[in-house]
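Please read them alongside the coordinates.

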Amino acid sequence: MSRSSSGIVAGLTAAAVAAVCFLAYQASANVPDTLGKPSKPRTTGSPSGAAGAPAQPKKDPLALPAESGTGERVVYALADRRVWLVDAAEKVTRTFEVMPSTVSPPPGTYAVTSRSGSVTGSDGVRIEHVVRFTSVDNVVIGFSAAVDGTLTTPNPSLKTGGIRMKVGDGNAMWTFATVGAKIVVIP
């Protein structure tokens with residue numbers, strides 16, 4: 001073999017080795033992470049949870065809670081810090097987050113006892129669309145919106161009963177919850 005032939009062969013060999021290395025790299029880069037690991041057996045039918053129990057559907061955090069009464073009502077969930085306005089046809093017309101006061105009402109069914117368009121709250125904040133429904137230890141409990149639109153955590157050293165909401169939510173509450181309207185408080 002001539003010297004020029006051996007140079008060509010060496011060049012072709014180097015190119016072939018480079019091509020094989022490139023293809024090997026591409027193949028390794030596209031290998032699934034699960035290759036070579038034990039896989040979970042596939043099941044047919046509906047998915048199941050622990051101990052063969054049916055999997056629970058993921059709870060919609062905005063969905064009206066079960067056991068929240070019937071008919072037209074305002075539902076206030078203490079733990080969720082959320083309110084639902086429910087019409088007579090059991091349709092949620094609005095739901096929104098609230099900032100609870102330092103004194104909370106116990107779970108139960110109440111009725112709106114009084115309303116005020118605009119007053120100063122027991123914490124000194126100007127509030128509007130006040131919808132009152134009970135009192136606990138001489139602290140009046142009700143929904144309201146700060147006129148300045150703030151939704152701040154109440155001072156824990158004060159005993160207040162104002163469940164605060166945003167101004168737009170306060171407008172909706174004011175329209176919906178007239179005197180005598182049902183308020184359902186759930187844990």
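1. Rings of Phe, Tyr and Trp (for Trp, its six-membered ring) count as a pair when their centres lie within 6.5 Å, and a pair is called stacked when the planes are under 30 degrees apart. By that criterion the structure, a predicted model, holds three aromatic pairs.

2. One of them joins Phe-133 and Phe-143: the centres are 5.3 Å apart with 25° between the planes, so this pair is stacked under the cut-off of 30 degrees. Phe-133 lies in strand E6 (residues 126-136) and Phe-143 in strand E7 (residues 139-146), 10 residues apart. Phe-133 has a relative accessible area of 3% and Phe-143 one of 0%; Phe-133 is therefore buried, and so is Phe-143.

3. Tyr-76 and Tyr-110 form one aromatic cluster with Phe-133 and Phe-143.

4. The largest nonpolar core has 25 residues, and those touching the most other members are Val-74, Val-83, Leu-85, Phe-133, Phe-143, Met-173 and Ile-183. Among the elements that each supply at least two residues are strand E1 (73-77), strand E2 (82-86), helix H2 (167-176) and strand E9 (182-186). E7 gives the most, with four residues.

5. Which residues does Val-83 touch, leaving out those up to four places away in sequence? They are Val-74, Val-75, Tyr-76, Arg-94, Thr-95, Phe-96, Val-98, Phe-143 and Met-173.

6. A second, separate core of six residues includes Val-75, Ala-77, Trp-84 and Ile-186.

7. Arg-115 places its charged end over the ring of Trp-174, 3.7 Å from the ring centre.

Terms used: Residues are numbered from 1 along each chain as its sequence is written. This is a predicted model: local features need pLDDT of at least 70, side-chain atom pairs count only at pLDDT 80 or more; totals for chains, interfaces and linings use all residues. Side-chain values use heavy atoms; hydrogens and water are left out. Rings of Phe, Tyr and Trp (its six-membered ring) pair if their centres lie within 6.5 Å; planes under 30 degrees apart count as stacked, over 60 as edge-to-face and the rest as tilted. Buried means under 20% relative accessible area, exposed over 50%, partly exposed in between (1.4 Å probe, protein chains only). A charge sits over a ring if NZ of Lys or CZ of Arg is within 6 Å of the ring centre and within 35 degrees of the ring normal. A nonpolar core is a set of buried Ala, Val, Leu, Ile, Met, Phe, Trp, Tyr and Cys residues joined through side-chain atoms within 4.5 Å. Contact means heavy atoms within 4.5 Å.
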